[in-house]
Amino acid sequence: MQKSFGDLDSKFRFVVVASKRAKQLLKGAKPKLKSKSKSLIRIAQEEVKDGLIYFEVVQKKKEEEHKAEEGDFIGEDIIGEVEAIKQVIEKKVKEEEEEEEEEEEEEKEKEEKKEEKKTEKKPEEKKRKKSPA
């Protein structure tokens with residue numbers, strides 16, 4: 001069972017034309033035929049199948065098409081930008097690593113100070129325990 005797409009050469013063109021017509025209908029254009037369906041999309045499809053919608057296939061001009069010439073590299077312009085971004089990222093990563101190292105050192109120093117305070121308190125506690133007895 002082959003579906004009919006009216007005068008259109010392919011189902012893809014049918015979909016494109018019908019969708020553009022449906023958008024027109026949704027924006028307030030008046031239907032060109034009376035239909036049982038209340039769906040504007042269905043109405044647009046019927047209009048296209050019946051050949052009521054005019055459309056024109058526009059071909060690209062030769063001037064608009066750009067063929068890459070030998071030696072052309074599309075990304076040449078962005079290589080410098082990519083390198084600059086790469087350097088910024090590397091710098092940021094290095095800074096973050098240095099900050100982490102500093103934080104670790106500060107944490108170690110705090111731990112060492114806590115340990116020193118604990119060792120200082122222990123002899124005093126022993127003396128206190130011995131003196132009341």
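**Labels and their cut-offs**

Q: Why is Arg-21 called buried?
A: Buried means under 20% relative accessible area, exposed over 50%, and partly exposed in between (1.4 Å probe, protein chains only). Arg-21 has 5% relative accessibility, so Arg-21 counts as buried.

This is a predicted model: local features need pLDDT of at least 70, side-chain atom pairs count only at pLDDT 80 or more, and totals for chains, interfaces and linings use all residues. Residues are numbered from 1 along each chain as its sequence is written, and side-chain values use heavy atoms, with hydrogens and water left out.

Q: Why is Ile-85 called exposed?
A: The relative accessible area of Ile-85 is 51%, and the label needs over 50%, so Ile-85 is exposed.

Q: What makes Glu-47 and Arg-21 a salt bridge?
A: The rule asks for a side-chain nitrogen of Lys or Arg within 4 Å of a carboxyl oxygen of Asp or Glu. The N to O distance between the side chains of Glu-47 and Arg-21 is 2.5 Å, so the pair meets the rule. The pair links distant parts of the chain: Glu-47 is in helix α2 (residues 40-49) and Arg-21 in helix α1, 26 residues apart. Both Glu-47 and Arg-21 are buried. The count by this rule is one salt bridge.

Q: How do you know which residues Arg-21 is in contact with?
A: Contact means heavy atoms within 4.5 Å. With neighbours within four places in sequence left aside, the partners of Arg-21 include Lys-30, Ala-44, Glu-47 and Ile-53.

Q: Which residues form the largest nonpolar core?
A: A nonpolar core is a set of buried Ala, Val, Leu, Ile, Met, Phe, Trp, Tyr and Cys residues joined through side-chain atoms within 4.5 Å. Six residues form the largest one: Leu-8, Phe-14, Val-17, Ala-18, Val-48 and Ile-53. Its largest share, three residues, comes from α1.

Q: What makes Ile-85, Ile-89 and Val-93 a nonpolar patch?
A: Patches take residues with over 30% relative accessible area and no salt bridge; like charges are joined within 9 Å, nonpolar side chains (Val, Leu, Ile, Met, Phe, Trp, Tyr) within 5 Å. Ile-85, Ile-89 and Val-93 form such a patch on the surface, with about 270 Å² of accessible area together (Shrake-Rupley method, 1.4 Å probe; for residues, only the protein chains shown count as cover).

Notes. Helices (H or I, at least four residues) and strands (E, at least two) are DSSP runs, numbered from the N terminus.
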